[in-house]
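Welcome, and thank you for taking a look at this one with us.

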Amino acid sequence: MMNQEIRHTMEENDRQKTMKNRQDINLTTEVVNKKQWEKFKETTTKIQERLRLVDFAMQAIPTGYAIFLESQKIQDIQSKIITEIETAPYSLIVVLPAEIKFVDDMQMVVRLLSGIVLSYGAINQMEKAERKILLEYALGEVTNLRRDSLFMLMKVRDIKRKVEWTKFVILNYINKDKQIVEQIISHF
């Protein structure tokens, strides 16, 4: 009986040692797993941030290109306005207030676009739909500038046509009067 008790105690001791070794292995594995999990979470966060940046870039590139095209159109229209004003300086009086408002609006839009570019970190944290709304708003503002510029060009051209029409009408009357006078003189 004693031998059996000693044998059970020895077996129990071996089992306890085995359990202690397994517990140590589990603890070590758990610590290693915890470190790897933290590293994995860190890597995942970095990847998500980069993907958000790529997502924002993918979302902003078409809008940026559209804004670029609109700005080229605005430059072209503004150069046409200057050309028209050079040929008809009297239209400057009518267009000058609208041009001043246009410059002020352009300054505000440039500030908006600069703010968007400079705060891309905050914009990256926005939801995709919110970013889309912001980018569409910026594009809409640039489009409004192009429309305002085109409206000013049409206004200058309209004033120029009206003045030319008035000149034509006056010259027509003058020519008719000359013809009448010449006919009267030729009859005498």
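## Where α1 meets α2

Ile-67, Ile-74, Gln-78, Ile-81 and Ile-85 of α1 are in contact with Leu-92, Glu-99, Phe-102, Met-106 and Leu-113 of α2, where contact means heavy atoms within 4.5 Å. By class, this contact of α1 with α2 has 8 nonpolar, 1 polar and 1 charged residues. Here Ala, Val, Leu, Ile, Met, Phe, Trp, Tyr, Cys and Pro count as nonpolar, Asp, Glu, Lys and Arg as charged, and the others, Gly among them, as polar. Helices (H or I, at least four residues) and strands (E, at least two) are DSSP runs, numbered from the N terminus.

The model is a predicted one, in which local features need pLDDT of at least 70 and side-chain atom pairs count only at pLDDT 80 or more, while totals for chains, interfaces and linings use all residues. Residues are numbered from 1 along each chain as its sequence is written, and side-chain values use heavy atoms, with hydrogens and water left out.

## How α1 and α2 are arranged

The axes of α1 and α2 come within 13 Å and cross at roughly 160°. Axes are lines fitted to C-alpha atoms, for helices over the stretch in contact, and angles run from 0 to 180 degrees between N-to-C directions. The crossing angle therefore makes α1 roughly antiparallel to α2; angles under 35 degrees count as roughly parallel, over 145 as roughly antiparallel, 65 to 115 as roughly perpendicular and the rest as oblique.

The crossing of α1 past α2 is left-handed. A crossing gets that name if the near helix is turned anticlockwise from the far one by less than a right angle, and is right-handed if clockwise.

## Asn-13 in α1

Helix α1 covers residues 2-87, and Asn-13 is found there. With a relative accessible area of 36%, Asn-13 is partly exposed; buried means under 20% relative accessible area, exposed over 50%, and partly exposed in between (1.4 Å probe, protein chains only).

Now bring in helix α4, which spans residues 128-187, while helix α2 spans residues 92-118. These two pack at an angle of about 165°, and their axes are 10 Å apart. The two helices are therefore roughly antiparallel to each other, and α2 passes α4 in a left-handed crossing. The residues of the contact of α2 with α4 divide into 18 nonpolar, 1 polar and 5 charged.

With α1, helix α4 packs at an angle of about 10°, the axes being 9 Å apart. That makes α1 roughly parallel to α4. In the contact of α1 with α4, the residues divide into 17 nonpolar, 7 polar and 12 charged.

## Two valines in α2

Is Val-109 buried or exposed? This residue of helix α2 is buried, with a relative accessible area of 5%. Leaving aside its neighbours within four places in sequence, Val-109 is in contact with Glu-141, Val-142 and Leu-145. The C-alpha atoms of Val-109 and Glu-84 are separated by 25 Å, and the two residues are 25 residues apart along the chain.

Val-94 is also found in helix α2, and at 38% relative accessibility Val-94 counts as partly exposed. Not counting residues up to four places away in sequence, Val-94 touches Lys-155 and Ile-159. Val-94 and Ile-159 are 65 residues apart along the chain, yet their C-alpha atoms are separated by 8.6 Å.

Trp-165 and Phe-168 are separated by about one helical turn because they are 3 residues apart in helix α4. Trp-165 is exposed, with a relative accessible area of 55%, whereas Phe-168 is partly exposed at 48%.
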